[in-house]
Amino acid sequence: MQDLLIYNTLSNKKEVFKPLKEGYVGMYVCGPTVYSNVHLGNVRTFMSFDMIYRYFLHVGYKVRYVRNITDAGHLTDDNSEDKISTKARLEQLEPMEIVQKYTIDFHEILKKFNNLPPSIEPTATGHIIEQIEAIETILKNGLAYEINGSVYFDVLKYNETENYGILSKRKIEEAIENTRVLDGQSDKKNPQDFALWKKAEPEHIQRWDSPWGVGFPGWHMECTVMSTKYLGKEFDIHGGGMDLKFPHHECEIAQAQACNHVAPVKYWMHTNMLTMNGRKMSKSTGNNILPDEIFTGDNKHISKAYTAGVARFFMMQAHYRSILDFSDTAIAAAEKGYVRMMDAVELMDKLEFSAKSSIDVNKWKQKCYDAMNDDFNTPILIAHLFDAVKWINLINDGKETLTEIDLDTFRTTVNDFVFHVLGLENISENNVDSDKLSGVVEILIKLRKEARDNKDWVLSDQIRDELITLGIQLKDGKEGTTFSVN
RNA sequence: GGCGUCAUGGCCGAGUGGCUAGGCUGGGCUCUGCAAAAGCUCCCACAGCGGUUCGAAUCCGCUUGACGCCUCCA
């Protein structure tokens, strides 16, 4: 297997990926808090890791991909209540009804974007016992303290022997100086300390018994517990959005270290933000666009509807570690390129082989793998795939040739990268009525050919123009006329 | 205020110390009844100011600007 470079945010360098166990990959990605609809920015992160998951599978790794559902414990701004409970009260539903509603939404959206489901999708509420056990271990190890029914992680104590800030590159001493002291209501010894367990006030709906009384777990605990349970005390990759680096992932490291006395993760991977109007998409600020609004075009930021495939292609054209700015012109440009690529891929099936090859297929194929092996560089991969698009058209025109073996390699490689690695789908396959439609269009093409043979340009152009208003484009070539549906 | 990231041609977006990313748009040509599609081709950018180097968009420093995190967020 060729070397695969991964940018590790722990070292801020590209490193050669060496799995803990040869041939196996353990990957944990922080999933959503299911208290509202996922927006396009959330989708980008999961889509990036879907691509990474797909590539590992493609090159032959056995992957256990764990992605959690946060259905409890995620605290609101004022730290008084968790998000699920707040939403439950607002919508007058059971917390688990909120969880169910938005979990289903999450799954449906990701499916539309052709994301593969993870191997395991554990929930925070399903691991309360494990979380309590882990908190007891941390208490026993002297790195947490209980006050008034809540348990907090003792960051300063931890920092005496370990490095709190190893991931986010913060220095705890400076952080203390720069932390605003809000008021005296907190039980924490130090503002940097974070909750492992929170006491539930009487009005709090989600609550569980614990050695410290009735309460609920802190946000960071679930990921530590579930990653350990399903991937081990040490595992290969932990991913998530850039904005989770601090405090969430920093806390995860501290918790795992406090429990198991070992650094939990070999490679930390962080995906960058999707912006709109130059600002991060965010649920709280309202600067976001929902997937369904993309599909219907019903959002002031876009001029028309776009398919999930186009949106996926748009995101794959940028590197996962770069900020990507969403705009109507950007996604419209991506759509054109996407359609051109898909048309070529479809045309590829009809190509015929020759006695000689005029293209070095194996060299090109290697370039595709080199791109992906360099920290999953999908923009470079797509650039190479557009070389393939060009060749497909040229072979079709008889200006380039491939032998039977080369053509076979070529087809397999294109299909592998376009469909299996990038996870794109061919739009025409989604068209249920495509058989009937193409039958009708073929009739019109035949009628138009008769008109053209009779030099009846008025009729032939009328057929062509009226079809184009329906989004059906005729393409006259040497071998006759074909069409595409937009 | 602290920490961090980034500044690329009309737009979107890759990138290595010297050799054309790619997509979209626009111009020209081929093909075509005319178009479209497809192909070929042109428009050779790298925030500013210094420095290192035979040579830097790519390394270093400073300036300016943008964004992210520090408080819930993928």
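His127 sits in the loop between α3 (95–112) and α4 (128–140). This is a predicted model, and every value here is computed from it. Is His127 buried or exposed? His127 has 6% relative accessibility, so the residue counts as buried. Met226 is 99 residues away in sequence, yet the C-alpha atoms of His127 and Met226 are 7.4 Å apart. Setting aside neighbours within four places in sequence, His127 contacts Pro122, Val225, Met226, Lys229 and Tyr230.

Now step back to the chain. Chain A holds 16 helices and 15 strands. Its C-alpha trace spans about 90 × 50 × 35 Å along the principal axes. Of its 486 residues, 50% are buried. Take the contacts between residues at least 6 apart in sequence: 74% of them join residues at least 24 apart. The chain is divided into domain 1 (7–271), domain 2 (275–428) and domain 3 (431–485). Between domain 2 and domain 3, the C-alpha centres lie 27 Å apart.

How far can the coordinates be trusted? The mean pLDDT of chain A is 89, and 94% of residues reach 70 or more. Strand β4 (residues 62–67) has the highest confidence, at 98, while helix α6 (residues 172–178) has the lowest, at a mean of 65. Over residues 180–184 the pLDDT is below 50. Beyond near neighbours in sequence, that stretch makes zero contacts in the model. Where pLDDT is low, predicted coordinates should not be read in detail.

Next comes the interior. In soluble globular proteins, nonpolar side chains tend to be buried together. The largest nonpolar core here has 90 residues. Which of them touch the most other members? They are Phe56, Phe326, Phe376 and Phe410. Helix α1 (residues 40–58) gives the most to this core, with 10 residues. A second, separate core has 36 residues, among them Ile135, Leu167, Ile172 and Cys251.

Not counting residues up to four places away in sequence, Phe326 touches Leu40, Leu274, Thr275, Met276, Asn277, Met281, Ile289, Ile294, Ile302, Phe314 and Ile331.

Several of these names lead to a sheet. Strands of a sheet pair through backbone hydrogen bonds, either parallel or antiparallel. Here three strands form an open sheet with mixed pairing, in the order β12-β11-β13.

The tour ends at another strand pair. Strands β14 (residues 472–477) and β15 (residues 480–485) run antiparallel, joined by six bridges. They form a hairpin, with two residues between them. Ile472 has Val485 of β15 as its bridge partner.

Definitions and conventions: Residues are numbered from 1 along each chain as its sequence is written. Chains are lettered from A and ligands numbered from 1 in the order in which they are written. This is a predicted model: local features need pLDDT of at least 70, side-chain atom pairs count only at pLDDT 80 or more; totals for chains, interfaces and linings use all residues. Side-chain values use heavy atoms; hydrogens and water are left out. pLDDT is the predictor's confidence in each residue, from 0 to 100. Helices (H or I, at least four residues) and strands (E, at least two) are DSSP runs, numbered from the N terminus. Contact means heavy atoms within 4.5 Å. Two strands pair if DSSP finds at least two bridges between them. A nonpolar core is a set of buried Ala, Val, Leu, Ile, Met, Phe, Trp, Tyr and Cys residues joined through side-chain atoms within 4.5 Å. Buried means under 20% relative accessible area, exposed over 50%, partly exposed in between (1.4 Å probe, protein chains only). Domain bounds come from an automatic or database domain assignment.
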